[in-house]
Amino acid sequence: MRTPRAITLLTTIALLTAAGVASAAETVKTDTKKTPAASAANEIKVVKLTAKQRLPKTVKQVTIIDREPGDSSSETAVHDNAVLVHYTGWLYDPKKPDGKGEQFDTSRERYTPFGFFIGAGKVIKGWDLGISGMKIKGKRTLIIPPALAYGDKERPKIPANSTLIFDVELVDILGKRDQKPNSTTTAAPTTPPPAPLPANVTRLAPQDALPAAPSTITAIDQAAGDGPAAETGNDVLVHYTGWLYDASLPGGKGKQFDSSRDRNQLFRFKLGAGRVIRGWDVGVVGMKVKGKRTLIIPADFGYGVRGAGGVIPPNATLIFDVELVELPPA
């Protein structure tokens, strides 16, 4: 087992999984009343392929392709481990050389990896089976048939009865669900609830479907940050990137029109002073230092019917990734 530091993170992961945080976090129901003999007869086997083998046309079992073995000194992920992973998922298309059809989700656009307990039923069965056996920094492709994914349930960007393919990287193993800190271990901290948002802001979780035509400011917290929350009247220092909003694209990000990161220059403004678009004056309220938030801002809270600078059309909905770097003194 790893250092006590890992154990103190379990509460955070427990909160994430209890809330079902991820688009992959819908459980496939199975019959738990089978006899032991029946269960053994119907035991699900995992198929392993090498990277050089041809992908199967029909997938009936979880198919694993190890891309990178990971850290040889790392422990191996097993049942009941709390794990952090980065992933990207596509609809499976065996006609394509890599099997990757239309992409439907990725954690990499949300900054932070996804945490869950293996075997706790908080993710699709194919993940519980396919991520077991990985080592930290290991990379693996999983091909998952419908029966071990979402079955006949339709999901955003995932038709019913879809076979899925994921690229998964195991970022960390954080201990086991039933593990208790010993007397030398610091008690696990609780994760504070997010700061309340203004009444005219809608909060979404990172796994929620993006609105097709938002009429209000939408905030998606990607990283909580720490310290006091930004309030109206505070000066703030932020990094940001802005795109034209397109709900049909992954992450809703169309054409990029501006980024402080490209200039390597932080942007400072006073919240609520009218020096920025109203969507920022309202949407950045409640963020904490090191917090990261995605803001979807309809035209009424952006640049309205005029647009801006020849790069933002009239009546454009915008989407920003914002990181609160500092709350400087006024």
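Predicted model: local features only at pLDDT ≥ 70, side-chain atom pairs only at ≥ 80, totals over all residues.
Partly exposed means a relative accessible area between the buried limit, under 20%, and the exposed limit, over 50%. Arg-263 has a relative accessible area of 42%, so Arg-263 is partly exposed.

Arg-263 pairs with Asp-258 in a salt bridge. The closest N and O atoms of this pair lie 2.6 Å apart. Asp-258 has a relative accessible area of 23% and is therefore also partly exposed. Side chains of opposite charge can pair when their charged atoms come close.

A search of the whole structure returned 10 salt bridges. Among them is the bridge between Asp-221 and Arg-203. Here the closest N and O atoms are separated by 2.7 Å. The two residues belong to distant parts of the chain, 18 residues apart. Asp-221 sits in strand E9, residues 217-223. Arg-203 sits in strand E8, residues 201-204. Relative accessibility is 23% for Asp-221, which counts as partly exposed. Arg-203, at 33%, is likewise counted as partly exposed.

Asp-221 also takes part in a salt bridge with Arg-293. The N to O distance in this bridge is 2.7 Å. Arg-293 is found in strand E15, residues 292-297, and Asp-221 in strand E9. The pair therefore ties together parts that are 72 residues apart in sequence. Arg-293 has a relative accessible area of 1%. This value is under 20%, so Arg-293 is buried. Asp-221, at 23%, is partly exposed.

Arg-263 and Asp-258 form the salt bridge described at the outset. Elsewhere, salt bridges that share partners join Arg-203, Asp-221 and Arg-293 into one network. Asp-221 bridges to Arg-203 and to Arg-293.

Asp-71 was examined for its local surroundings. Asp-71 lies in the loop between strand E2 (62-68) and strand E3 (81-92). Its relative accessible area is 30%, so Asp-71 is partly exposed. The side chain of Asp-71 makes a polar contact with the side chain of Ser-73, at 2.7 Å. With neighbours within four places in sequence left aside, Asp-71 is in contact with Lys-135, Ile-136 and Lys-137. For Asp-71 and Lys-137, the C-alpha to C-alpha distance is 6.0 Å. In sequence, these two residues are 66 residues apart.

Technical notes:
Residues numbered from 1 in each chain as written. Heavy atoms only, no water. Helix = DSSP H or I, 4+ residues; strand = E, 2+ residues; numbered from the N terminus. Buried < 20%, exposed > 50% of the residue type's maximum accessible area, 1.4 Å probe, protein only. Contact = heavy atoms within 4.5 Å. Polar contact = N/O pair within 3.5 Å; in protein donor to acceptor, adjacent residues only side chain to side chain. Salt bridge = Lys/Arg side-chain N within 4 Å of Asp/Glu carboxyl O.
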